[in-house]
Every structure is written in structure tokens, then in C-alpha cells.
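The entries below follow the order in which I looked things up.

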Amino acid sequence: MISWPLYARPAFEWAVSPVERVADTASNTMAISQRVRKVLWARSGNRCALCRRSLTLTVDSTDLPSVIGDECHIRSRTTRGPRAAESPEDVDSLDNLILLCKNDHKLVDDHPELFTEDILLATKLLHEIWVQASLESSRSNDDPMSPARAKSDELKPLERVISGNQLVSLIREGHMYSFGNCDLKDKSAVELVASFLQLLQDYGDILGGLDVGKVVRIEAQLGEEIKQLESQGLHLYGRRGVRLMKLGDQRAQLNVASIFVLPQDTAAAFDRGDGSVLVLPRIGSRQVTEPSA
Ligand SMILES: [Zn+2]
């Protein structure tokens with residue numbers, strides 16, 4: 001299985017012939033409008049969406065910087081290309097472009113089986129949120145109520161959850177739950193995950209009012225459920241964050257528990273190298289509980 005930390009990779013050097021590079025870049029930019037290009041570069045903060053390196057390099061202060069970024073197609077125009085588009089229309093639209101450094105452009109085009117359309121769209125969205133949150137957080141101080149702070153919580157990696165105790169501390173006294181899963185291959189896995197997430201939601205709603213003995217029993221039960229998921233090749237990940245809500249003129253800070261069930265190979269593709277994963281909350285997730293308090 002191919003597994004590398006998608007967002008924390010060292011910078012790879014790839015041998016690519018200059019001819020291939022020039023041809024590639026020329027065909028990429030030919031039909032993309034100036035406006036689309038400007039918006040893409042602006043939203044990407046002049047950084048590669050995968051490795052986040054700056055895409056302009058200055059060697060000498062008297063020179064114009066060199067541009068080392070490519071506007072890359074997510075679905076390609078030609079049927080021979082990676083992630084071929086069903087129809088060639090709109091391949092040059094903003095939605096179908098991602099800004100990458102030249103190394104990562106080569107990498108994603110050489111491995112379309114790993115860098116699928118969904119993964120690239122998620123990567124792009126995550127990157128644009130990161131750019132926005134970075135800019136906002138440099139303006140706002142450490143105010144825990146600031147929108148930037150709440151946004152940056154959404155960007156925190158998801159930690160692997162292997163025990164009932166860990167899971168209970170994630171969901172306890174949560175105001176909102178965001179659950180997600182993806183690529184479930186068979187019906188029995190779908191049923192297993194559905195009943196597991198339902199159980200979590202039910203327990204999350206009542207955990208705060210239970211005495212310690214009952215909580216310990218729930219932890220043991222959830223521990224068994226986690227083992228059952230793992231025996232089916234499904235891994236559990238979670239994160240606790242805050243979200244700001246406007247309730248009339250008031251702003252409220254709500255605890256959000258995000259729980260993801262990921263097949264082992266999907267988890268490996270999102271692995272950051274330390275056992276945690278970065279998964280965009282909007283991809284394959286659904287929010288099942290509105291604020292209850
Ligand atoms: Zn890069």
C-alpha cells in the first residue's frame with residue numbers, strides 16, 4: 001500500500017525533462033482566463049496547495065522573482081491525461097484548477113490513483129481555508145471568540161481514537177457533532193458504521209448527566225465497538241474544537257466533536273506521518289446535531 005503523509009511530506013526532488021515541463025505549463029495556461037488565474041493565485045496565497053511552499057523565488061534582489069507554480073487541472077482535458085474529464089467543457093474553470101509547485105504537479109499527475117479528484121478538491125479547499133485563517137489570525141490576537149480561532153480549530157488534525165475512554169472525552173458535553181465516513185465498500189460496513197455513529201450521538205446527548213459508574217460502562221461498550229470497527233479495517237479518528245454561532249445579537253462558542261470513520265487505506269492517504277490525519281470536515285461529513293444548549 002502506498003502511504004505517505006500528504007500534508008507533511010519533505011520536499012521531494014523529481015527528475016523531469018525540461019521539455020515535458022515547458023509543454024505541460026504551456027498547455028495548462030493556454031485557455032485559462034487572466035481573471036481565473038488571478039483569483040486562483042490570490043486564494044492560494046501564492047503557496048502550493050500540497051507542500052505550502054512559496055511559489056515565487058528571488059535569487060537576487062534586483063531580479064524579478066522566478067515563478068515555480070503551475071495552475072494544474074484537477075480533471076484533465078485529454079482522455080489520456082490523469083483524472084480525465086467526461087466532457088472537456090469547463091476544464092479551465094476556477095473550480096477545476098489547483099495551484100501547485102512543479103514537483104507536486106508532477107507527483108499528482110503521475111499518481112492519479114492516489115490523488116483522485118475528490119482528494120485534490122479537498123486539498124484545495126483545505127488550503128484556501130488555511131490561507132484565509134492564517135491571514136485572519138495574524139490580524140486577530142488570541143481572542144478565543146475570534147472567528148479565526150474557531151476556523152483554525154476546524155483545521156486541527158484528527159487524532160486516532162483507539163479506546164472508549166478517549167472517545168467519551170471527545171463527545172462529552174459537546175454541543176454539536178460532526179460525523180463522517182467515506183468509501184464504505186459493502187452493506188455490512190455501512191450498517192456497522194451507521195449504528196455506531198447513532199450510538200455516539202445518543203450517548204453524547206446524555207453523557208453529561210450520568211454518574212461515573214455508568215460512564216465507565218459506556219466507555220467499555222464503546223471500546224468493544226471500536227474493536228469491531230477495526231476488525232473490519234475501519235479506523236476511528238476524532239477532534240474536539242469550537243465553533244462560533246450567532247444567536248440574535250449574541251455570539252456563542254459551541255463545543256464541536258468531529259468523529260470520522262475511515263477505511264484503513266483512505267486513512268493512510270491522509271496520514272500526516274505521526275498517526276494523525278487531516279480530513280476536511282465538509283467532505284463526506286454530516287452534522288447531525290444542532291446546538292442542544
Ligand atoms: Zn508543492
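My notes go from the whole chain to single elements and residues.

**Entry 1. Ground rules.** I am working with a predicted model, in which local features need pLDDT of at least 70, side-chain atom pairs count only at pLDDT 80 or more, and totals for chains, interfaces and linings use all residues. I number residues from 1 along each chain as its sequence is written.

**Entry 2. Overview.** I looked up the secondary structure and found nine helices and nine strands. Helices (H or I, at least four residues) and strands (E, at least two) are DSSP runs, numbered from the N terminus. I then asked what share of the 293 residues is buried. Buried residues make up 26% of them. I call a residue buried if 20 or more other C-beta atoms lie within 10 Å of its own, exposed if 12 or fewer, and partly exposed in between, with C-beta atoms placed from the backbone. For contacts, I require C-beta atoms, placed from the backbone, to lie within 7 Å. Among contacts between residues at least 6 apart in sequence, 73% join residues at least 24 apart.

**Entry 3. Strands β3 and β4.** I looked at how β3 (residues 69–73) and β4 sit together, and they pair in the antiparallel sense over five bridges. Two strands count as paired if DSSP finds at least two bridges between them. In the pairing, H73 has L97 of β4 as its bridge partner, and C72 has I98. Is β4 (residues 97–101) largely enclosed or open? Five of its five residues are buried, so β4 is largely enclosed by the rest of the structure. In a regular strand the side chains alternate between the two faces of the sheet. In β4, L97, L99 and C101 are on one side and I98 and L100 on the other, and both faces are covered. I found five of five residues buried in β3 as well, so that strand too is largely enclosed. From β3, G69, E71 and H73 point one way, while D70 and C72 point the other way.

**Entry 4. The largest nonpolar core.** I define a nonpolar core as a set of buried Ala, Val, Leu, Ile, Met, Phe, Trp, Tyr and Cys residues joined through C-beta atoms within 7 Å. Which of the 23 residues in the largest core touch the most other members? They are V161, L167, L170, I171, Y237 and F260. The elements giving two or more residues to this core are α6 (164–171), α7, α8 (212–231), β7 (234–247), β8 (250–263) and α9 (264–270). The largest share, six residues, comes from β8. I checked V161 and, not counting residues up to four places away in sequence, V161 touches Q166, L167, L170, I226, L236, Y237 and G238. A second, separate core has 15 residues, including C48, A49, L50 and L55.

**Entry 5. Helix α7.** F196, L200 and G204 are its buried residues. Seen down the axis, they fall within an arc of 70°, so they line one face of α7. I take the arc from the directions from the helix axis to the C-beta atoms. Exposed residues on the other side of α7 include K187, E191, Q198 and D202.

**Entry 6. Helix α8 and what follows.** In α8, the buried residues are I218, L222 and I226. Their arc down the axis is within 85°, so they line one face of α8. On the other side, G213, R217, E224, K227, Q228 and S231 are exposed. Just after α8, G233 takes a positive phi of about 75°. Q232 lies in the loop between α8 and β7. I counted 16 other C-beta atoms within 10 Å of Q232, which is partly exposed. Leaving aside neighbours within four places in sequence, Q232 is in contact with A189 and L192.

Entry 7. N46, in the loop between α2 (34–43) and β1 (56–57), has a positive phi of about 60° although it is not a glycine. R52 lies in the loop between α2 and β1, and its phi is near 65°. I list R52 as partly exposed, with 17 C-beta neighbours inside 10 Å.

Conventions: Two residues are in contact if their C-beta atoms, placed from the backbone, lie within 7 Å.
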